[in-house]
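Me: I have a model open and would like to learn how to read it. Could you take me through some features in turn?

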Amino acid sequence: MKSYHLTLLPGDGIGPEIMDAAIKVLDLVGQQFNVQFDYEEALFGGCSIDRNGVPLTDETIEQCRKSDAVVMGAVGGPIWDTQPHENKPEQGLLKLRASLGLYANLRPATIYNALLDASSLKPTAIKNADIMVVRELTGGIYFGTPRGMDKGKGWNTLSYTKEEVERIARTAFDLAQKRNNHVTSVHKANVLESSQFWREIVEEVHQDYSDVVLDEMYVDNAAMQLVRDPKQFDVILTQNLFGDILSDISAMITGSLGMLPSASLGEEYAVYEPVHGTAPEIAGQNKANPLAMIGSIAMMLDYTFGMPEAATMIYDAIGEVLEMGSRTEDIATPNTNVVSTTEMRDLVLERCEGKSKTIIEMVRMSYEG
Ligand code: IPM
Ligand code: MG
């Protein structure tokens, strides 16, 4: 039996509640597909500050490096806002990304038909939209030096090297080949030299992908186009800060930030986490939407463990639960049935259980030819 070792970083706020859903789904997948997942938890974020004085310890980083993959909840909350800037939970997240070399952040915005009404955009505008934001995650203004602030000014540095742009561009083109062969490179080359450079390198890398259509957009226009006509996009390739902003916009196309999963990938390591934050206002109340977390598990099964059938099973189960009209509060609309975090988790588990027999049979038959 294949066996995989995972580090779990539940974090703060609703993090532990949605992590519980992740584990239950993984346990079921393990049983159905005859794979063993074992888990080791570690403190990360505010809870680590409380215990260890820092949001991310070297031991935790080491533990992540020894794992086959890392699953993360969310970090931060108002009680740690008084920490010095360099010790905030968010800085721990940046340290995790840098330490594990997670340069490629994949944020898919998939529209479930049942949620067409939950978006603030018109159903006709978003129907069939399917966007993958590929965000560069370990460079750009988030990490550039010099940086700092004093009484008279604050400053940051935005720069990209050729190698940094090349590898994220390859990620985007590779993904586009498995999707709809279309990459939109988003930058601000009308103002920023770093973006002119970005544009040139992306065009160079594109030479190796003649089957993929490359177009480009200034970031302000891209923000507008995303809410005007999201169907025009397939893969959006962009730098760290622009990707942070555009992926929140694309999340709202799907109805809720609570729906958006993500994968952060590097050459050696992978971290899977929902895009949303810790939602302190509903933490501990069994109200959080676990679907972004469950979707992140599906991404992990597909990207890290090569189990696309298990991933599809989960996505389909999510779709069916939504079709049945069950909704956590964040995606509830009139005539839908509001459920708790654990109820939503169990509904997805039930749908997976119903499916897995047929799916496993199909996988076995395809192996046997
Ligand atoms: C995200 C978040 C983080 C980011 C914060 C919490 C540091 O907004 O993952 O999108 O800006 O990258
Ligand atoms: Mg963000």
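Reply: What follows goes through the ligand site and then a few points in the backbone. Keep in mind that this is a predicted model.

Me: Which residues are around ligand 1?

Reply: A residue counts as near a molecule if one of its heavy atoms lies within 4 Å of it. Here the shell consists of Glu-90, Leu-93, Arg-97, Arg-107, Arg-135, Tyr-142 and Asp-244. Sorted by class, five of these are charged, two are nonpolar and none is polar.

Me: Which helix gives the largest share of the shell around ligand 1?

Reply: Helix H4, which spans residues 89-99, provides three residues, the largest share.

Me: Why does ligand 1 lie between domain 1 and domain 2?

Reply: Look at where the shell residues come from. Domain 1 (1-105 + 260-369) and domain 2 (120-253) each contribute residues to the shell, so ligand 1 lies between them.

Me: Which side chains have a polar atom close to an oxygen atom of ligand 1?

Reply: A polar contact is a pair of N or O atoms within 3.5 Å. Tyr-142 has a side-chain N or O atom 2.5 Å from an oxygen atom of ligand 1. For Arg-97, the distance from a polar side-chain atom to a ligand oxygen is 2.7 Å, and for Arg-107 it is 2.8 Å.

Me: How much of the accessible area of ligand 1 does the protein cover?

Reply: On its own, ligand 1 has 320 Å² of accessible area, and the protein covers 76% of it. The space that ligand 1 takes up is the second largest pocket.

Me: Which residues have a positive phi although they are not glycine?

Reply: Asn-34 is one of them, with phi near 60 degrees. Its place is the loop between helix H1 (15-33) and strand E2 (35-41). Asn-286 also has a positive phi, about 60 degrees, and lies in the loop between strand E12 (270-272) and helix H10 (291-303).

Definitions and conventions. Residues numbered from 1 in each chain as written. Chains lettered and ligands numbered in written order. Predicted model: local features only at pLDDT ≥ 70, side-chain atom pairs only at ≥ 80, totals over all residues. Heavy atoms only, no water. Polar contact = N/O pair within 3.5 Å; in protein donor to acceptor, adjacent residues only side chain to side chain. Areas by Shrake-Rupley, 256 points an atom, 1.4 Å probe, with all protein chains shown as cover. 1 Å grid on protein atoms, 1.4 Å probe; cavity = no way out; pocket = protein on both sides within 12 Å on 5 of 7 lines; lining within 4 Å. Sits in = over half its atoms within 2 Å of the grid points. Helix = DSSP H or I, 4+ residues; strand = E, 2+ residues; numbered from the N terminus. Nonpolar A, V, L, I, M, F, W, Y, C, P; charged D, E, K, R; others polar. Domains from an automatic or database assignment.
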